[in-house]
Amino acid sequence: MNKRSSVRMLVAALGMATAIGASTRPAAACGDVWVPYMDNGIDYRPQGVSRAEQGFDDGKIYASAASVLRMMPHVRALKPASATIVARAQRMLALAVARSNGALPVEGQVPWWVQGRWLGGTEADRAANLEWAVTTLRGIADTKAKDPASMTDLGEALARVDAHKAEARSVLEALAKKDLLATPEAYAALAELRGESGDASGKKLALARCQSMSNGAAVCRDATAHTG
């Protein structure tokens, strides 16, 4: 093989590698701009988010959160109003953050360059993650005219931050009074808040409602452990 042929083959190989890289890299985006397509013209994210939601509903919340981070590594900077798919993905991630107290256990499921502060390695990272979750769920609630489901999510996240617990109690109590709390996790959060305020009977009622909605799942046992 002569030198010219070798050069041509090297150029062709580099071109193929570039094409493959362009067609398989993650979602195209710049900063907080949402781009509703992939470089190869096929956007797999809608199906990916739907699968993640199914897993989330089945209790695989951290696997679903990891899936969101792989599909949208720039998710922290996106605005939920920019696309419905963004709000759906951010809701899962924000709730996973709240339920893990700001430290997502996804180290083995996402690339190192995506992990950032999501792992919650420091107290400052955990606090920042929880504030992001609150801000994100508040934004989603605003886009949905504060419907009960989105306010339920917000109340649960608020309950994980000391500075927001008074607001959390107000939000969750208002929904519970109308029997509009949408998740057992929210009732578990309300039980914890009531227990912290010394409302033993109210805590017991919230835990009973949690158990009836979740068939006695671990979320209600965890709430009992937290509140004594």
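This is a predicted model: local features need pLDDT of at least 70, side-chain atom pairs count only at pLDDT 80 or more; totals for chains, interfaces and linings use all residues.
**View 1. Helix 6 spans residues 123-143.** The helix has 21 residues. From first C-alpha to last, helix 6 reaches 30 Å, close to the 30 Å expected at 1.5 Å a residue. Its buried residues include Trp132, Val134, Leu137 and Ile140. Asp125, Asn129 and Thr136 are also among the buried residues of helix 6. Helix 4 (84-99) and helix 7 (148-158) are among the elements that cover them.

**View 2. The largest nonpolar core holds 59 residues.** Leu69, Leu93, Leu104, Trp118 and Leu181 have the most contacts inside this core. Elements giving two or more residues to the core include helix 2 (45-57), helix 3 (61-71), helix 8 (165-177) and helix 9 (184-196). Helix 4, helix 6, helix 7 and helix 10 are also among them. Helix 4 gives the most, with 11 residues.

**View 3. Leu93 and its contacts beyond four places in sequence.** Leu93 touches Leu69, Leu104 and Trp118, among others. Its contacts also include Ala65, Val68, Val75 and Trp132. Trp132 is one of the buried residues of helix 6.

**View 4. Cys210 sits in helix 10 (residues 200-214).** Cys210 counts as buried because its relative accessibility is 0%. Leaving aside neighbours within four places in sequence, Cys210 contacts Pro184, Tyr187, Ala188, Val219 and Cys220. Ala186 is 24 residues from Cys210 in sequence. The C-alpha atoms of Ala186 and Cys210 are 8.0 Å apart in space.

Terms used: Residues are numbered from 1 along each chain as its sequence is written. Side-chain values use heavy atoms; hydrogens and water are left out. Helices (H or I, at least four residues) and strands (E, at least two) are DSSP runs, numbered from the N terminus. Buried means under 20% relative accessible area, exposed over 50%, partly exposed in between (1.4 Å probe, protein chains only). Contact means heavy atoms within 4.5 Å. The expected span of a helix is 1.5 Å times one less than its number of residues. A nonpolar core is a set of buried Ala, Val, Leu, Ile, Met, Phe, Trp, Tyr and Cys residues joined through side-chain atoms within 4.5 Å.
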